[in-house]
Amino acid sequence: MRWVRLTIDPRSSTAPYEQLRAQIAGQARAGKLPVGYRLPTVRALAGELGLAANTVAKAYRVLEADGVVETRGRNGTFVAAAGDAAAREAAAAAQAYAQRVHRLGLDRAAALAAVEDALRAVYPES
């Protein structure tokens with residue numbers, strides 16, 4: 001691929017579709033994959049990475065649900081203008097969380113501690 005470099009580590013405990021999803025999403029956010037960039041077809045990418053087509057299709061479906069890519073039928077899958085959509089979705093999720101923990105009776109410190117624990121689990125420190 002001309003713009004993107006993707007690698008799958010078969011020894012990783014992370015599922016191959018999740019490795020693929022994370023790499024494409026990260027490169028789209030970083031601008032390495034520009035908005036409108038046409039991703040390879042499912043079959044082409046699967047062949048290039050030595051994955052099953054269903055694995056790549058699953059990654060593309062999750063990326064589309066996250067607003068990172070958009071599928072245009074037979075025309076292919078393209079990087080979407082996801083920055084604003086991702087920020088809006090994150091803000092909505094944060095608002096829903098804040099309302100939920102307030103209803104549960106947690107104070108601000110307990111709510112913040114729960115978020116920090118969750119973030120540590122998802123974003124391991126280097």
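How many strands form the open sheet, in what order, and is the pairing parallel or antiparallel? I looked this up before anything else, keeping in mind that I have a predicted model here. I find three strands in the order 1-3-2, with antiparallel pairing. Strand 1 and strand 2 are the edge strands, each pairing on one side only.

**Sheet, continued.** I checked how strand 1 meets strand 3: the two run antiparallel and are joined by two bridges. I also noted who faces whom, and Arg 38 stands opposite Phe 78 in strand 3.

**Thr 77.** I picked this residue out of strand 3. Buried or exposed? Thr 77 has a relative accessible area of 10%, so I put it down as buried, the cut-off being under 20%. Then I listed what Thr 77 touches, skipping neighbours within four places in sequence. I got contacts with Tyr 37, Arg 38 and Leu 39, then Tyr 60, and also Val 69, Glu 70 and Thr 71.

**Helix 3.** On to residues 53-65, which make up helix 3 with its 13 residues. From first C-alpha to last I get a reach of 18 Å, close to the 18 Å expected at 1.5 Å a residue.

Which residues of helix 3 are buried? My list reads Val 56, Ala 57, Ala 59, Tyr 60 and Leu 63. They sit on the same side of helix 3, because the arc they cover around the axis is only 160°. A reminder to myself: an α-helix has 3.6 residues a turn, so residues three or four places apart point the same way. On the other side of helix 3 I find Asn 54, Arg 61 and Ala 65 exposed.

What covers the buried residues of helix 3? I wrote down helix 1 (16-29) and helix 2 (42-49) as part of the cover. Strand 1 (38-39), strand 2 (69-71) and strand 3 (77-79) are also included.

**Rings.** I searched for aromatic pairs, with ring centres within 6.5 Å as the limit, and the count comes to zero. Charges over rings gave me something to note. Lys 58 lies over the face of Tyr 17, at 4.1 Å from the ring centre. Arg 72 lies over the face of Phe 78, with 3.9 Å to the ring centre.

Definitions and conventions. Residues numbered from 1 in each chain as written. Predicted model: local features only at pLDDT ≥ 70, side-chain atom pairs only at ≥ 80, totals over all residues. Heavy atoms only, no water. Phe/Tyr/Trp six-rings, centres within 6.5 Å; stacked < 30°, edge-to-face > 60°. Lys NZ or Arg CZ within 6 Å of the ring centre and 35° of its normal. Helix = DSSP H or I, 4+ residues; strand = E, 2+ residues; numbered from the N terminus. Expected span 1.5 Å × (residues − 1). Buried < 20%, exposed > 50% of the residue type's maximum accessible area, 1.4 Å probe, protein only. Arc of directions from axis to C-beta. Contact = heavy atoms within 4.5 Å. Pairing = 2+ DSSP bridges.
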